[in-house]
Amino acid sequence: MQYKPLGASGIEASVVAAGTWVTGGGAAWNGVDDEESLRALDAAFDHGVNFVDTAPAYGWGHSEEIVGKAIKGKRDKIVVATKCGMWWEDARGSFHIHLDGKDTYISLRPDTIAVEVENSLRRLGTDYIDLYQTHWPAKEPENTPIEDTVAALMQLKDAGKVRAIGVCNLSIPQLEAYCAAGDIVSDQFRYSMLYREPEADVLPWCDAHNLATLTYMSLEQGLLTGKIGLDRTFKEDEFRSNEDWNPWFKQVNRRKVLAMLDGWKDLTEKYACTLVQLVIAWTAAQSGVTHVLCGMRTAEQAKQNAGAGSIDLAPEDCARMREDAMTLGDPE
Ligand SMILES: NC(=O)c1ccc[n+]([C@@H]2O[C@H](COP(=O)([O-])OP(=O)(O)OC[C@H]3O[C@@H](n4cnc5c(N)ncnc54)[C@H](OP(=O)(O)O)[C@@H]3O)[C@@H](O)[C@H]2O)c1
């Protein structure tokens, strides 16, 4: 496993990180087995992963509680990242989404952050968070000024409740404003070989400004593992059934992705690895990428994903995979 710095924080974290959205369970992921989630996190830690990303919104605190159990007894060895800004206790903030029977708001107000951080610390069973990230940028009508949010986060850092501050899902002007307001060490955003938009701006910007980059949905929620065949169906309220949100799941596009993956048998043989490991290794090798967040539902998945952290792809193989992905064009 390779380890890379989280920007200027002084913290080193594994290039393959454990994502725990699915760990939160709920209808959106068609449930989850908590005991298996704990085995998955253990397997990840046993295979060199020391970086875990969670959020209060993942299962309304459930993901953080599971992570809390998993890190018990090894707190000092694990880099724990969680988030603030998705709020459902009352109507403060700007309405975002109705999910699992809850109205959820985006709130980056200092007063909701003050409550959120205590809730996260309690659920995680710790007295500090290594990386505390804003989950989504503030929006109208509340639109808390960035300076106010960052000042609140810097106070948490001064108080020792968080070691470093990160952001997620920001545009370049927003990144500039956040970084001007305080010590930001990382940015988290969607990026995969099928979703390469950040290559045009966010990845080079982060590279130039020494921000760690935490890529998410780099496995396209399982599609890039090759295991989601044409016959796999999803329940109506599962995220993966929403083809508008992720059109790659449409049958017509899925067929193309599966054909592309099928063409890489010589590469999985060459590197003695699985498809998912090939895809994670490709993602980790791209310019500006420092950490790849990989969701995992089982210990076997976690072990495989961790194994990708020691695969070095030759530049010509990376180039070939990029070319193949580009040949697919945009999803229909
Ligand atoms: N900041 C944000 O706004 C944001 C948004 C999204 C995600 N994230 C973070 O990024 C993480 C990663 O994103 P994600 O979980 O949505 O998507 P992902 O990592 O692209 O996909 C996760 C899914 O891929 C499948 N999978 C993973 N490893 C596998 C393996 N070795 N073999 C076979 N299947 C495997 C599992 O599917 P099955 O469930 O079918 O087993 C798993 O649930 C999240 O967990 C979360 O921490 C952040």
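1. Basis of the model. The model is predicted: local features need pLDDT of at least 70, side-chain atom pairs count only at pLDDT 80 or more, and totals for chains, interfaces and linings use all residues. Residue numbers start from 1 along each chain as its sequence is written.

2. Packing of H4 and H5. Helices (H or I, at least four residues) and strands (E, at least two) are DSSP runs, numbered from the N terminus. Helix H4 (residues 146–158) packs against helix H5 (residues 172–181) at an angle of about 45°, and their axes are 9 Å apart. Axes are lines fitted to C-alpha atoms, for helices over the stretch in contact, and angles run from 0 to 180 degrees between N-to-C directions. H4 and H5 are therefore oblique to each other, given that angles under 35 degrees count as roughly parallel, over 145 as roughly antiparallel, 65 to 115 as roughly perpendicular and the rest as oblique.

3. Residues between the helices. H4 contributes Ile146, Glu147 and Val150 to the contact, and H5 contributes Ala177, Tyr178 and Ala181; residues are in contact if their C-beta atoms, placed from the backbone, lie within 7 Å. By class, this contact of H4 with H5 has 5 nonpolar, no polar and 1 charged residues. Here Ala, Val, Leu, Ile, Met, Phe, Trp, Tyr, Cys and Pro count as nonpolar, Asp, Glu, Lys and Arg as charged, and the others, Gly among them, as polar.

4. The ligand shell. Gly19, Trp21, Tyr216, Leu219 and Gly295 come nearest of the 27 residues around the ligand, a residue being near if its C-beta atom, placed from the backbone, lies within 6 Å. By class, the shell has 10 nonpolar, 13 polar and 4 charged residues. Strand E13 (291–295) and helix H10 (299–307) each supply at least two residues of it.

5. A three-stranded sheet. An open sheet of 3 strands has the order E6-E8-E7, with antiparallel pairing; strands pair if DSSP finds at least two bridges between them. Strand E6 (86–87) and strand E7 (94–99) are at the edges with a single partner strand each, so one side of each is left without a neighbour in the sheet. E6 is joined to strand E8 (residues 102–106) by 2 bridges, and Trp87 has Tyr105 as its bridge partner in E8. E7 and E8 pair over 5 bridges; in their hairpin, with 2 residues between the strands, Asp100 takes a positive phi near 50°.

6. Pro141 is found in the loop between strand E9 (129–134) and H4, and the peptide bond from Glu140 to Pro141 is cis, with omega near 5°. Asn143 also has its place in the loop between E9 and H4; its phi is near 40°, a positive value in a residue other than glycine.

Conventions
Contact = placed C-beta atoms within 7 Å.
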